[in-house]
Structure formats: structure tokens, C-alpha cells
Amino acid sequence: YLDAYLDSGLEDRVFRLLDDLTSRQHFCDVVMTGHSFGAALAVLAAVRYASTRPMMRVMCHAFGCPKVGDGPFRNWANSLPNLRVLRVEYGGDPWVHSPEGGPWTHVGHTLAVDAGAVANAAKVSSGDSKTDKTSSSRGSLHGSGTSANGSGKALPVKAYKFDKHRPGGDSEGGAAGWFSSQHHSGKEKAKDHDLRAYVGALETISALGLYWPSEYVGEDVGTGVKGSGKEKRLVV
């Protein structure tokens, strides 16, 4: 990925353009995004831009992103205070596991979208579902009242901070534990990698008002504590 990124010659042109734009718009953030191979390039660009422009706030929204570096690269990227990488992974998308083995790993945080939960909620909403509404946990899919720690419920989206508390963990293949539970066939997994599948799922979540995580799995701070005079204090 790095060779393809550097050989493209885009970095100098894009970075010069961004520098020009940010010099004229002082109070702005830089957001880089991409899907699949483009997501890998977006991550590399975001890390390199943030590391050389420490005064700029940089974000990267990557969809269906493969692993772009090893452990030292991950530690470096995750330690940059002005960078936030958010990877969206849908259903059984196999691309997010590549390259397999070796030192390869992901950077940043993950939003894992459960394809089955989203599809089931859409069927229930349209009246096409033949499943029991109680067992489908439809109530837990709507609104923000359900904590991400409700591991027994099929939440449509779960957020993992630097992939901590994720099934399998990085040492056991990272996202593999989550996606192996999707029980998708090879063709379904290939479809899950399609950008249209990502867009469709996010549109469904938005249209139906499904649950969207407000905290990372395993890090729910609850309602905080109360000080004197009912002053609300959050434990950090």
C-alpha cells in the first residue's frame, strides 16, 4: 500500500492543495476518506499529514479498510494527538482481514455494523419479518437507551476504541471473531464489501432511527457521579 501511495505522486499535490486551503480557512479540520484500497491510501495520507502538521486536526473515515501497517506503525498512528481514524466495517466483509497473518494490524477505532441486525430491523419496520419481535430485540435497536455493553443483544452498530474489548482481539485476528459470527457465504461476504452495501446499511440505520453507539464497548461511563448541589461530575 505504501509503495502504491508513494508511486502515485498524489501526496505532494494533495498536501500542497490542503496547505493552501487551510492557510485561507484557519478554523477548519482536514477529513480524508476512502473505500477498500482507497481506504488504505486515505489512512496512510491521514497519518502522514497529521504527523507533519501537528497544529491541524485530521480525521480519517475509512470504509472496508484492509490492514495497512505493523505494530510500530499502529502505535505511532494511534499516538498522534491530532489524528482520529475511524474505520467502518460491514457484515462479513473479508477485505478488512487482509493481509492475513504476519505483523499486520489495524489502526484507529472501529464501527462494526452487524448486517443481520440491520436487515432484520428493516424487515420488522416494513412488516415483512416473520421472526418474533421480542427475540429480534427490535426495542434495543432503536434510540440511545441501550448500552453498548449489552453483549447479549444484537445491536446494529458497536464501537471499539482502538479495537479493545473486541471479540478475538488483535492477537487472535482482530475483527475475525466478530465477522465469523455473521455466518455469511462467500458470495454474501463479497457483497458486504461493496460500497453500496455500506451506504445502504448506513442509510437504513439513519432512516429507521436505529441505535447508534454513544460510547465504546467496555467503556460505558454511565451517568457519572453527583457532587454537592447535584453538580454532575464525570469520572475520566
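**Strands and cysteines in a predicted model**

Me: In which sense do strand S2 (residues 58–63) and strand S3 (residues 83–90) pair?
Reply: Strands of a sheet pair through backbone hydrogen bonds, either parallel or antiparallel. Strands here are DSSP runs of E, at least two residues long and numbered from the N terminus, and two of them pair if DSSP finds at least two bridges between them. Strand S2 and strand S3 are joined over 6 bridges, and the sense is parallel.

Me: Which residue in S3 is the bridge partner of Ala62?
Reply: Strand S2 covers residues 58–63 and pairs with strand S3. In S3, the partner of Ala62 is Arg87.

Me: Which are the edge strands of the sheet?
Reply: The open sheet has 5 strands in the order S1-S2-S3-S4-S5, with mixed pairing. Those that pair on one side only are strand S1 (30–35) and strand S5 (157–160).

Me: How many disulfides are there?
Reply: A disulfide is a pair of cysteine sulfur atoms within 2.5 Å. The sulfur of Cys65 is 7.0 Å from the closest cysteine sulfur, in Cys60, and is therefore too far for a bond. The count comes to 0 disulfides.

Me: Is Cys60 buried or exposed?
Reply: Buried means under 20% relative accessible area and exposed over 50%, with partly exposed in between (1.4 Å probe, protein chains only). Because its relative accessibility is 0%, Cys60 counts as buried.

Methods: Residues are numbered from 1 along each chain as its sequence is written. This is a predicted model: local features need pLDDT of at least 70, side-chain atom pairs count only at pLDDT 80 or more; totals for chains, interfaces and linings use all residues. Side-chain values use heavy atoms; hydrogens and water are left out. Helices (H or I, at least four residues) and strands (E, at least two) are DSSP runs, numbered from the N terminus.
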